[in-house]
Structures are given as C-alpha cells and as structure tokens.
Amino acid sequence: MGFSETIFLFFLALLIFGPKKLPEIARQVGKVLNEFKRASNEFKAQIESEISQLDMEQQRQILPPAEPPAGSVATLAGAPDRPAGVTLESASEAVPQRQSFAKAPDA
C-alpha cells in the first residue's frame with residue numbers, strides 16, 4: 001500500500017466517521033492490533049519451546065556402549081574372536097614395550 005492510498009483512506013475515514021470519532025476508532029484499532037501481536041508472539045514462543053523440548057528428549061536417548069579400539073587389552077581379554085591359546089599375558093608380551101630413558105643434562 002503506497003503513501004497516496006494511505007492518505008486517501010485517511011480522508012475517507014475522516015469523512016465517514018467525522019473528526020470526533022476518528023481518534024477513538026484509531027485507539028481501538030491500535031489495541032486490537034497490539035493484542036493480536038501479543039497473541040502471535042505467545043504462540044510462536046510456545047511452538048519454539050515445544051521444538052526445543054523435543055530436541056532435548058532426542059539428545060537424552062541412551063547410546064549403546066562404544067566398542068574398545070582393536071588391539072587394546074579390553075578387546076583381547078573379552079573378545080570371543082581371538083585366536084585359541086591367546087591369553088592376556090601372551091597378548092601383552094606380543095605388544096612391543098616402549099623404553100624410556102632419562103636424558104642427562106648437557107654439561
């Protein structure tokens with residue numbers, strides 16, 4: 001709606017309702033529009049809270065336990081698919097041990 005159309009509607013309302021009732025009608029229209037805006041904001045806030053609540057419920061689902069990394073002690077100790085005769089002790093012997101040496105300070 002352009003400026004000229006708004007001016008035309010203002011003058012038309014002025015002619016129909018008169019200068020005494022026009023401010024009263026404008027106040028009532030303003031109150032109705034304000035109430036409509038408040039109700040639509042409440043509705044929007046309620047929808048957003050429901051959506052966020054659904055998202056929170058989906059995030060709370062219990063996830064299955066993660067598989068331990070292959071070759072770790074946990075997989076060798078309880079894995080049913082390990083080769084026959086492999087025990088925890090023999091499996092730990094197969095893993096190369098890191099040796100740590102302390103460095104002497106430079107003199």
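Helices (H or I, at least four residues) and strands (E, at least two) are taken here as DSSP runs, numbered from the N terminus. The structure is a predicted model, in which local features need pLDDT of at least 70, side-chain atom pairs count only at pLDDT 80 or more, and totals for chains, interfaces and linings use all residues. Residues are numbered from 1 along each chain as its sequence is written, and side-chain values use heavy atoms, with hydrogens and water left out.

**Fold and confidence**

The protein has three helices and zero strands, in the order α-α-α from the N terminus on. pLDDT, the predictor's confidence in each residue from 0 to 100, averages 76 over the protein, and 65% of the residues score at least 70. Among the elements, α1 has the highest mean pLDDT (91), and helix α3 (residues 88-94) has the lowest (50).

**Helix α1**

Helix α1 spans residues 3-59, 57 residues in total, yet its end C-alpha atoms are only 51 Å apart. A straight helix would reach 84 Å at 1.5 Å a residue; this expected span is 1.5 Å times one less than the number of residues. At Gly18, α1 bends by about 110°, and Pro19 follows within four residues. The bend is the angle between axes fitted to the seven residues ending at a residue and the seven starting there.

**Burial and surface**

Relative accessible area under 20% is called buried, over 50% exposed, and in between partly exposed (1.4 Å probe, protein chains only). Buried residues make up 6% of the 107 residues; in α1, Ala13, Gly18 and Leu22 are buried. The accessible surface (Shrake-Rupley method, 1.4 Å probe; for residues, only the protein chains shown count as cover) comes to about 10400 Å², of which 63% belongs to carbon and sulfur atoms.

Met1, Phe8, Leu9, Leu12, Leu15, Ile16 and Phe17 form a nonpolar surface patch with about 810 Å² of accessible area together. Patch residues have over 30% relative accessible area and no salt bridge, with like charges joined within 9 Å and nonpolar side chains (Val, Leu, Ile, Met, Phe, Trp, Tyr) within 5 Å. Phe8, in helix α1, counts as exposed because its relative accessibility is 53%.

**Salt bridges**

A salt bridge is a side-chain nitrogen of Lys or Arg within 4 Å of a carboxyl oxygen of Asp or Glu. The whole structure holds two, tabulated below.

| Pair | N to O distance |
|---|---|
| Arg38 and Glu35 | 2.4 Å |
| Arg38 and Glu42 | 2.3 Å |

Within α1, Glu35 lies three residues from Arg38, and Glu42 lies four residues from Arg38, about one turn of the helix. Arg38 is partly exposed at 41% relative accessible area, as are Glu35 at 43% and Glu42 at 48%.
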